[in-house]
Amino acid sequence: MLGVMAATQGEVSAFVPQWTFADKLRKARLTVDMPQARFAEELGVSPAAYSQWESGRNGPRNVVHVARRVEAVTKVSAAWLLGLYEEGPRPAERDRDLRKYTAWDLNPEPTD
């Protein structure tokens, strides 16, 4: 599900995505470039169960335990997976790339 952030006159319209637990599981798995079956094995669940979780058709019984296991495998914060912290996972390379931008680059002065 995507949330839409309204823009005022003169601003560029932007949206703020809101990720489900299933979306976050997939993103965490992709940060370690692991296929679903291997990731399920690392979490100690069947590939079928994990596939259901990632597709959003079903969820784990103990979501906190799963979030902690995912954090142990991927280093993606369990708090983020659980929706307690809303900043997404960022591999080290992406963080390094983002640091090169200044505040001006991200919020340039409007031109007439």
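1. Of the 112 residues of the protein chain, 22% count as buried, a figure that should be read with the reminder that this is a predicted model. The secondary structure comes to 7 helices and 2 strands, and from the N terminus on the elements follow the order β-β-α-α-α-α-α-α-α. Among the contacts in the chain with a separation of 6 or more, 43% are accounted for by residues 24 or more positions apart.

2. The packing of helix 1 (residues 21–31) against helix 4 deserves a point of its own, with an angle of about 20° and axes that are 10 Å apart. Because angles under 35 degrees count as roughly parallel, helix 1 and helix 4 are described as roughly parallel to each other, and their crossing is left-handed. On the side of helix 1 the contact is made by F21, L25, A28 and T31, and on the side of helix 4 by V63, V66, V70 and T74. Sorted by class, the contact of helix 1 with helix 4 has 6 nonpolar and 2 polar residues, with no charged residues.

3. Helix 4 also packs with helix 2, here at an angle of about 115° and with the axes 9 Å apart. Since the range from 65 to 115 degrees counts as roughly perpendicular, helix 2 and helix 4 are placed in that class, and helix 2 passes helix 4 in a right-handed crossing. The residues that meet are F39, E42 and L43 in helix 2 and R69, V70, V73 and T74 in helix 4. By class, the contact of helix 2 with helix 4 divides into 4 nonpolar, 1 polar and 2 charged residues.

4. With a relative accessible area of 9%, T74 is buried, because the class requires a value under 20%. Its side chain reaches the backbone oxygen of V70 at 2.7 Å. Leaving aside neighbours within four places in sequence, T74 is in contact with A28, T31, V32 and F39.

5. D33 lies in the loop between helix 1 and helix 2 (36–43), while K75 is found in the loop between helix 4 and helix 5 (78–81). The relative accessible area is 69% for D33, which is therefore exposed, and K75 is likewise exposed, at 68%. A colleague going through the backbone may wish to look at both places.

6. The last point concerns W19, a residue in the loop between strand 2 (14–17) and helix 1. At 35% relative accessibility W19 counts as partly exposed. Not counting residues up to four places away in sequence, W19 touches K24, K27 and W80. W19 and L81 are 62 residues apart in sequence, yet their C-alpha atoms are 9.3 Å apart in space.

Note on methods
Residues are numbered from 1 along each chain as its sequence is written. This is a predicted model: local features need pLDDT of at least 70, side-chain atom pairs count only at pLDDT 80 or more; totals for chains, interfaces and linings use all residues. Side-chain values use heavy atoms; hydrogens and water are left out. Buried means under 20% relative accessible area, exposed over 50%, partly exposed in between (1.4 Å probe, protein chains only). A polar contact is a pair of N or O atoms within 3.5 Å; within protein, one must be able to donate a hydrogen and the other to accept it, and residues adjacent in sequence count only if both atoms are side-chain atoms. Contact means heavy atoms within 4.5 Å. Axes are lines fitted to C-alpha atoms, for helices over the stretch in contact, and angles run from 0 to 180 degrees between N-to-C directions. Helices (H or I, at least four residues) and strands (E, at least two) are DSSP runs, numbered from the N terminus. Angles under 35 degrees count as roughly parallel, over 145 as roughly antiparallel, 65 to 115 as roughly perpendicular and the rest as oblique. A crossing is left-handed if the near helix is turned anticlockwise from the far one by less than a right angle, and right-handed if clockwise. Ala, Val, Leu, Ile, Met, Phe, Trp, Tyr, Cys and Pro count as nonpolar, Asp, Glu, Lys and Arg as charged, and the others, Gly among them, as polar.
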